[in-house]
Amino acid sequence: MGRNAARVLIIYYSFSAQTAGLIHRLSAGLAEAGVTVREERLMPRTPLKFPIGTISATLAMMLITFLRGRIPIQPLSDLCRARYDLLILAGPTWSYNPSGPVLSLLDRDGRRLFAGQQVVPLISCRGYWRMHWWTLSWQLARCGARVVNRMIFAHPSREPWRTIGVFLKLAGRVPEKGRFLGRYYPRYGHAREQLEEAHQYGRRLGLALAEGRSLADLDLGGKVPG
Ligand SMILES: Cc1cc2nc3c(=O)[nH]c(=O)nc-3n(C[C@H](O)[C@H](O)[C@H](O)COP(=O)(O)O)c2cc1C
């Protein structure tokens, strides 16, 4: 290759390993397309435990996150000081909002990280991502970012089982093994095919970056039904 490889930084938070799984495959796809990929995982100052463990603590966390409670995070590593051709900001939806660690990142480091940068957010959610998307894209724009595309992954299980299943999983139960619920809710989180999609999106992004094409026209599955 004649010119330097494109550089991508993936900044992400993951509470129950769903975003982390998607990022793992996305990153592999980018690397296969010749991109230099770096990953920065946001770490809460006080580690959060998954599952939350009880129904009352889960309800409390949902209320706090609905009110956009921030979760303070540790300082970023030096990876975040370098220049990149693309930043990917990834994390789960928490009560219709970006997660607490991502909100803290935007408050504390948003301008320095994102001003003048092209950014593609990735959302991992049970199913309701629109408000998260509006808040996130608005906050990124306020930091001076150019949000050029998006990747949205919703859990594939059907409602109402999906909502019940996620809630019970957070509360420390094992709904996928329940005699009744297990029939309708076979697993928590994303499906294997979605991990494969993430891999494909990584390749698409990587090839477009290598060829200097716009990322705005790429099909990254962002138009999923809510
Ligand atoms: C406190 C809390 C609130 C949540 N609220 C929503 C929500 O409003 N909408 C939604 O689609 N998913 C919601 N979820 C589900 C997560 O977005 C989903 O499980 C996601 O895949 C988790 O990603 P992670 O494992 O990377 O943290 C919530 C999860 C938690 C922990």
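Student: In which element is Ile64 found?

Tutor: Ile64 is found in helix H2. This is a predicted model; local features need pLDDT of at least 70, side-chain atom pairs count only at pLDDT 80 or more, and totals for chains, interfaces and linings use all residues. Residues are numbered from 1 along each chain as its sequence is written.

Student: What makes a stretch a helix or a strand?

Tutor: Both are DSSP runs, numbered from the N terminus: helices are H or I with at least four residues, strands are E with at least two. The protein chain has seven helices and seven strands. From the N terminus on, they run β-α-β-α-β-β-α-β-α-β-β-α-α-α.

Student: Why is Ile64 called partly exposed?

Tutor: A residue is buried if 20 or more other C-beta atoms lie within 10 Å of its own, exposed if 12 or fewer, and partly exposed in between; C-beta atoms are placed from the backbone. Ile64 has 15 C-beta neighbours inside 10 Å, so it counts as partly exposed. Ile64 and Ser95 are 31 residues apart in sequence and 8.7 Å apart in space, C-alpha to C-alpha.

Student: Is Phe15 buried or exposed, and how do you know?

Tutor: Phe15 has 23 other C-beta atoms within 10 Å, so it is buried. Phe15 lies in the loop between S1 and H1.

Student: Which residues does Phe15 touch, not counting those up to four places away in sequence?

Tutor: With that limit, Phe15 touches Leu48, Phe50, Pro92 and Ser99. Contact means that the C-beta atoms of two residues, placed from the backbone, lie within 7 Å. Phe15 and Pro92 are 77 residues apart in sequence, and 7.8 Å apart in space from C-alpha to C-alpha.

Student: What makes a set of residues a nonpolar core?

Tutor: The members must be buried Ala, Val, Leu, Ile, Met, Phe, Trp, Tyr or Cys residues, joined through C-beta atoms within 7 Å. The largest such core has 47 residues; Val8, Ile10, Leu87, Ile88 and Val119 touch the most other members. H3 gives the largest share of this core, six residues. Val8 touches Leu30, Val35, Val37, Tyr84, Asp85, Leu86 and Ile88, leaving out residues up to four places away in sequence. In soluble globular proteins, nonpolar side chains tend to be buried together.

Student: How do you know which residues surround the ligand?

Tutor: A residue is near a molecule if its C-beta atom, placed from the backbone, lies within 6 Å of it. By that rule 24 residues surround the ligand, and the closest are Ser14, Ser16, Gln18, Thr19 and Pro92. Elements that give two or more residues to this shell include helix H1 (18–32) and strand S3 (86–94).

Student: How many residues of the shell around the ligand are nonpolar, polar and charged?

Tutor: The shell divides into 13 nonpolar, ten polar and one charged. Ala, Val, Leu, Ile, Met, Phe, Trp, Tyr, Cys and Pro count as nonpolar, Asp, Glu, Lys and Arg as charged, and the others, Gly among them, as polar.

Student: Why is the ligand said to lie between domain 1 and domain 2?

Tutor: Both domains give residues to the shell around the ligand, so it lies between them. The domain assignment gives domain 1 (7–52 + 65–155 + 190–210) and domain 2 (157–189). Such bounds come from an automatic or database domain assignment. The C-alpha centres of the two domains lie 25 Å apart. Seven residues of domain 1 are in contact with nine residues of domain 2.

Student: What makes Ala17 stand out?

Tutor: Ala17 has a positive phi of about 75° although it is not a glycine. Arg68 also has a positive phi, near 60°. Most residues other than glycine have a negative phi, and most peptide bonds are trans.

Student: Which peptide bonds are cis?

Tutor: The bond from Phe50 to Pro51 is cis, with omega near -5°. A cis peptide bond also joins Glu159 and Pro160, with omega about 5°.

Student: How does the radius of gyration of the protein chain fit a compact globule?

Tutor: This radius is taken over C-alpha atoms, and the globule rule is 2.2 Å times the number of residues to the power 0.38. With 226 residues, the rule gives a value near 17 Å; the protein chain has 17 Å, which agrees.
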